[in-house]
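Visitor: I would like a close look at a single part of this model. Please take me through one of the strands and its surroundings.

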Amino acid sequence: MKLALDGMRVIDMSRVFAGPIGAQILGDMGADVIKVERPGVGDDGRAYGLAWVPGRDGIETKLSSFFTAANRNKRSITLNHATPEGQAILRELVKTADVLIENYKVGDLKRFGLDYESLKEINPRLVYCSVTGFGQSGPMAARPGYDGLFQATGGIMAVTGIPDGQPGAGPMKVGPSLVDFMTGHNAALAIMSALLYRERSGEGQYIDIALLDSSVAMVSHIMQDYLISGEAPPRFGNGGNGGGPADIIHCQDGMLYITAGGDAHWRRLTVLMGQPELYDDERFNNNMKRAKLNRVELMEIINTWSRQFTVAKLQEMFDEQSIPAARYNELDEVWDEPQVKYRGLRATTPQPWAASGSVDLIASPLSHMSTTPATIRRAPPLLGEHTAEVLGSLGYDEAAIAGLRDKGVI
């Protein structure tokens, strides 16, 4: 299997989620990612989440669900970069590296001579990516930042949640850490662009990635509505943000999501419902009326009709008429979807330290490239699992490694 980033080395000094996701993407594409963690403690993300991979023979894996989702295809070393010995090891690694990713507070690594300006002196081709909440400069740059803060600040919560006037109305956080996730993707995209530029110019560069920037950009076309009109669009709950009808509809035994926003889809839906007169009804004869002005009334009509059918039957009817629809799934039901199985989205990966001998991971969306697909070659590592291996490659013998361990450097 050809790997797009084969031969590239990434030093991942980031923690929690956004930075590790970016490094994981590079690992999926073939890079050798060396994750640098604090001795004894490791990445803060090892303690996050609601589940941990059980270890064999009493081993505590410290593979939380949170950590496991963002750290496959990496080798873990433990290193105290606050010590002169730790700094020396990192500089040796930097000489062999193409990329360094970090998410420490602004200016924190400069105290140890591990900032971009210092490290580019020993490796001018280095691509150095800093991931922070608010960016490297500005009045809020020194603040710490986590996903939920930016869902609040960047506008996502303003357009997510139950519509005003309904019970429980108000802003709502999106469940997953989507700002972190998108920031990690933006970091990976910026890094790969910088590597492409380096191939042409020979120059490395510094990248400043902020969760704030990603959070505002994620509001996307809804924010563009505001920039064009000067008016904030209302929250629509499960309603679509484009055409209508687009919303959850109820069946005898479950729910479907329907998107029939185009006029052609809407016409076919009215015929399927046996109510073709709705197509020209003054309440619903354009997208604005169906999606916004009279959305609640329209959805009541559709739900009265849809409750006559099972999910399977209604999905079949929609498919026959080429009306976009999909069943609502609880998490366990996602993995029963035939297309999810066909696409191989549940990736069972060997993990010798796990009680079961493997761990189930979520496959990369980049795994269907024709020549250089993303692959999963390593399960998320135990804390410091590869310290001796990596230090050995830098010329440290067993005695030197043992000495560093005794001193708390590794």
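Guide: First, a term: a residue is buried when its relative accessible area is under 20%. Keep in mind that this is a predicted model. Now take strand E5, residues 127-132. Six of its six residues are buried, so E5 is largely enclosed by the rest of the structure. Look at the two faces in turn. On one side sit Val127, Cys129 and Val131. On the other sit Tyr128, Ser130 and Thr132. Both faces are covered.

Next, the partners of E5. Strand E4, residues 99-102, runs parallel to E5, and four bridges join them. Find leucine 100: this residue stands opposite tyrosine 128 in E5. Strand E6, residues 205-210, also pairs with E5 in the parallel sense, over six bridges. Here tyrosine 128 stands opposite tyrosine 206 in E6.

Compare strand E3, residues 74-78. Five of its five residues are buried. Lys74, Ser76 and Thr78 lie on one side, Arg75 and Ile77 on the other. Both of these faces are covered. Strand E2, residues 32-37, pairs with E3 in the parallel sense over five bridges. In that pairing, lysine 74 of E3 is the bridge partner of valine 33.

End with a helix, H1, residues 18-28. Here 11 of the 11 residues are buried, so H1 is largely enclosed by the rest of the structure. Among them are Ala18, Gln24 and Asp28. After H1 comes glycine 30, with a positive phi near 115 degrees.

Conventions: Residues numbered from 1 in each chain as written. Predicted model: local features only at pLDDT ≥ 70, side-chain atom pairs only at ≥ 80, totals over all residues. Heavy atoms only, no water. Buried < 20%, exposed > 50% of the residue type's maximum accessible area, 1.4 Å probe, protein only. Helix = DSSP H or I, 4+ residues; strand = E, 2+ residues; numbered from the N terminus. Pairing = 2+ DSSP bridges.
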